[in-house]
Amino acid sequence: MPDINRMRVMAFHVDGERGFGAGERRLLDLAAVLGERGYGNMIVCREGDELEREAKRLGFDTLGLPFLFDWDPVTAYLLKTASDVHGAIVHAHTDQAAGIAGLARHLGGAPWVAGDCIDLTAGAAEMGEAAARTYRRVLAPSYETAGNRS
């Protein structure tokens with residue numbers, strides 16, 4: 001039986017937004033701190049976007065996905081498949097990423113958490129109140145560990 005204390009945890013940091021701003025910098029800062037502490041990191045973003053280029057420049061593994069629209073089932077399926085292969089925990093850093101991660105989980109994918117900047121009540125009418133209640137229960141991890149590394 002493997003020693004759970006020596007197993008490497010893989011985090012998939014998901015951000016499907018266009019462009020590169022403070023939120024994307026914060027994502028990379030958090031991934032850097034987690035990497036220093038021995039955690040694996042995969043930056044999951046729009047294929048060919050600025051976040052992907054910056055993450056690669058900093059030496060992170062990346063996974064470029066299409067992020068065609070909110071609640072995109074193609075992106076959710078691809079995220080589910082990749083996170084299953086790596087045994088990852090999915091960390092959604094944006095509203096759109098939370099929807100995709102939730103849909104991937106519904107398809108049988110990895111557990112997921114949402115960052116503290118996400119409004120999980122947005123879109124409640126579109127997804128139905130029962131689903132909105134489910135997403136509001138997701139734990140929001142603290143970003144204090146990343147500090148101000150920019």
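Q: At what angle do the axes of helix 3 and helix 4 cross, and within what distance do they come?

A: This is a predicted model, in which local features need pLDDT of at least 70 and side-chain atom pairs count only at pLDDT 80 or more, while totals for chains, interfaces and linings use all residues. Residues are numbered from 1 along each chain as its sequence is written, and side-chain values use heavy atoms, with hydrogens and water left out. Helices (H or I, at least four residues) and strands (E, at least two) are DSSP runs, numbered from the N terminus. Axes are lines fitted to C-alpha atoms, for helices over the stretch in contact, and angles run from 0 to 180 degrees between N-to-C directions. Here the axes of helix 3 and helix 4 cross at roughly 65 degrees and come within 8 Å.

Q: What is the handedness of this crossing, and which residues make the contact?

A: A crossing is left-handed if the near helix is turned anticlockwise from the far one by less than a right angle, and right-handed if clockwise. Helix 3 passes helix 4 in a right-handed crossing. Contact means heavy atoms within 4.5 Å. Helix 3 contributes Pro73, Thr75, Ala76, Leu79 and Lys80, and helix 4 contributes Ile100, Ala101, Leu103 and Ala104.

Q: How do the residues of this contact divide by class?

A: Ala, Val, Leu, Ile, Met, Phe, Trp, Tyr, Cys and Pro count as nonpolar, Asp, Glu, Lys and Arg as charged, and the others, Gly among them, as polar. The contact of helix 3 with helix 4 has seven nonpolar residues, one polar and one charged.

Q: How do helix 1 and helix 2 pack: what are the angle and the distance between their axes?

A: Helix 1 (residues 22-36) and helix 2 (residues 50-57) pack at an angle of about 30 degrees, and their axes are 11 Å apart. Angles under 35 degrees count as roughly parallel, over 145 as roughly antiparallel, 65 to 115 as roughly perpendicular and the rest as oblique. Helix 1 and helix 2 are therefore roughly parallel to each other. Their crossing is right-handed. Glu24, Arg25, Leu27 and Leu28 of helix 1 meet Leu51, Glu54 and Ala55 of helix 2. By class, this contact of helix 1 with helix 2 has four nonpolar, no polar and three charged residues.

Q: In what order do the elements of the chain run?

A: The protein chain has six helices and five strands. From the N terminus on, they follow the order β-α-β-α-β-α-β-α-β-α-α.

Q: What is a nonpolar core, and how many residues does the largest one have?

A: In soluble globular proteins, nonpolar side chains tend to be buried together. Buried means under 20% relative accessible area, exposed over 50%, and partly exposed in between (1.4 Å probe, protein chains only). A nonpolar core is a set of buried Ala, Val, Leu, Ile, Met, Phe, Trp, Tyr and Cys residues joined through side-chain atoms within 4.5 Å. The largest core in this model has 22 residues, and those with the most contacts inside it include Phe12, Val44 and Trp112. Among the elements that each supply at least two residues are strand 1 (10-15), strand 2 (40-46) and helix 3 (73-86). Helix 4 gives the largest share, six residues. Apart from this core lies another, of eight residues, among them Leu27, Ala31, Leu51 and Ala55.

Q: Is Phe67 buried or exposed?

A: Phe67 is buried, because its relative accessible area is 1%. Trp71, at 33% relative accessibility, counts as partly exposed.

Q: Which residues does Pro66 touch?

A: Not counting residues up to four places away in sequence, Pro66 touches Arg46, Asp72, Val74, Thr75 and Leu78. The C-alpha atoms of Pro66 and Arg46 are separated by 5.7 Å, although these residues are 20 residues apart along the chain.
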